[in-house]
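Colleague: I would like to learn how to read strands and helices in a model. Please take one feature at a time.

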Amino acid sequence: MSQDLFDAMRQSIIDGDPEQAAALVQQAIAQGLDPLVALNQGFVPGVNYVGEQFAQGEMFLPELVVAGEAMKAAVAVLEPEFAKRGTERQILGKVVIGTIEGDIHEIGKTLVATMLSASGFQVYDLGVDVPVMTFVEKAREVNADIIAISALLTTTMVRQKDVIEALQDSNVSAKVMVGGAPVTQGWAQEIGAHGYSEDAVGAVAVAKRLMGLA
Amino acid sequence: MKPDFKLLAPDLVNRILDEAFHLLRETGVKVQLPAARQLLAEAGADVNETTEVVKLSEALIRRAVSSVPREFFLYNRQGQPSVRYGGDTVQFDPGSSGVHYLDPDTLEHIPSETPHLVRVLQVAESLPAYDAVSTSVVCNEVPKSMGDWYRLYLVLLYTTKPIVTGAFSAQTTGVMIDMLALYAGGRASLAQKPLAVFDVCPTPPLIWSKFGCQNLIDLARAGVPAEMISMPLAGAGAPVTILGSVVQHAAESLAGAVIHQLAQPGAPLVWGGAPAIFDMRQGTTPMGAVETAMIDACYAQVGKTLGFPTHTYLGATDGKIADYQAGLESGVSAMIGALAGINMISGAGMLDFLACISPEKLVLDAEAIGMAKRMARGVQALSDTLAIEMFAGIEFKADFLKKKETRALFSKEQYLPSRVIDRASIRAWQDAGALDAWQRAKAETQNILAAYRRPVQPEPEKELFEMVSRLAREAGMEKLPPLEL
């Protein structure tokens, strides 16, 4: 009985079907299923499968992203249930992410956010053109482990440094990772960032390393 | 719509045909097989038995070729029609009859032997880019007299795709037809559902040899598709101009078609070829020259005008290793062949003027073919509105990756290359060992060979083994080279 439901949950993630994923959560709650069990035995295997297939080149970004959307839809319905029961889903860490002020490039940042989310991080995506202090305040608010800052322009990437300085001034201890086309390992070191990745797959590895997980 | 790539204006096609008809009427064609001359004489041709020259009127030619089928299918070993000769269908197969094998480690061109052909077949069978397989390389360790059927024997054991083959003697053609008949359930079934097409070559300029004629006649009567491979060599064996060579190609092909259709009206026949320009510096026959591809596109257009299915030799390189030149020549010429809507394009995997084959290059060429086929498919509307519906909920955010349409349509719109094509970030490329395309192809070839499983067909194989043991003994080979089956 439960196994059929778990299989359907897994499939809803693989199919990238947010409505179906949300409906299955409702069904599970109606049946009195532990929301944490539903998450870990139903949806997480779906995310893992898609992640593995993507890593092997058998699945592609659109499939990964819609799977992420389906997972988000499932979690949105599950969260209030966790709150009711005083439980929490296990996350690898909290990441505040955004593209820096003055820069409206979104795709790379969104990809990193999706990959982190699909890998088990709690991601707070602030969008684009994010002021320096918004990163700091959000990180403080959610007690973030990592702040990820994207910049696509040489003129805006200098503000990545401003975020790092503002964090120090505000006594916020989140680690900082930076990325974007003009950003290099050398630049990351120069401004005192803790991590840098060239692409979204690498960003997950960096985030895990910053969490002491890899 | 599909790209409509034509090099010839309609009046030029007519001029080519007019001159081809003129050559066949005034100069004639040398037909070296008495039985073929007899067929032609009975049809009303002007035959000179002393010079072997046959002169053909346009009316006779047009009457004879009117029975050529506009379309036919080759079947795979599962009995399904999987290669279509006709219309603008574009398909690829590896090149044929090389004599060398590119050693992937030493980069030496070594004489090809059984394990090399087996490897080529395993790769061609595994890669979807290849619609058909071919008897790609001579196996130098077996006696020459058995070389043709021996290659087909390996093809039958290691693949299931339709086969592009040929024979270098008329007697062997019969043996090979019998071999195929084992898999088709008899000669009559083979004619109903042909598993292979046989290449048959005229001799430039304007000669049909005894053996070429005999093959045309035998194949027509067996109902096994024949593929004429006219090979004008522009500037040496044919006029130096592209159009001059295309005229010669048309004349040789028309003459062959007449013999073939007189032997058996309605038998399946392909307007194929392997022309090349003549390199005026080296005296070589560059298959990768752009003009070679232009001759091919032109003659294919002429063949299509006459209603023939088409074939050509492109997608190969004259370079000796799979380097920049190899990629350039193989990719560009495959693309030209695909745009010209040629039904079967042979030549992938080959280097050095079709003398050398490499499974690794076959893996690389599969990517050029993937892109060429994508181009040939053209641009179609895949959604009801082209963009409007996909903008629903976008609100100036670059969020199309989240769209259901993106997930549903990306693999229809994009050709998805294998790992051989590097589209990774520099970090990912470095992490993977900073390999160049050749090194990636070597690794991918190993993966393909490791994953390959031989398609076993116990019934025909039993008969095949008996047949080849007998034939090998007749050829003076007591024991066939060992195979890992």
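Colleague: How many bridges join strand β11 of chain B to strand β13 of chain B?

Modeller: Strands of a sheet pair through backbone hydrogen bonds, either parallel or antiparallel. In this predicted model, β11 (residues 196–200) and β13 (residues 226–230) of chain B run parallel and are joined by three bridges; pairing requires at least two bridges found by DSSP. Phe198(B) faces Ala226(B) of β13(B). Strands are DSSP runs of E with at least two residues, helices runs of H or I with at least four, numbered from the N terminus.

Colleague: What is the strand order in the open sheet of chain B?

Modeller: The order is β9-β10-β11-β13-β15, five strands with parallel pairing. β9 (133–134) and β15 (269–273) of chain B each have a single partner strand, so one side of each lacks a neighbour in the sheet.

Colleague: At what angle do the axes of helices α1 and α9 of chain B cross?

Modeller: Axes are lines fitted to C-alpha atoms, for helices over the stretch in contact, with angles from 0 to 180 degrees between N-to-C directions. The axes of α1 (residues 10–27) and α9 (residues 242–263) of chain B come within 8 Å and cross at roughly 55°. α1(B) and α9(B) are therefore oblique, the class left after under 35 degrees (roughly parallel), over 145 (roughly antiparallel) and 65 to 115 (roughly perpendicular).

Colleague: How are residues and chains labelled, and what confidence is needed?

Modeller: Residues count from 1 along each chain as its sequence is written, while chains are lettered from A and ligands numbered from 1 in the order written. Local features need pLDDT of at least 70 and side-chain atom pairs 80 or more, whereas totals for chains, interfaces and linings use all residues.
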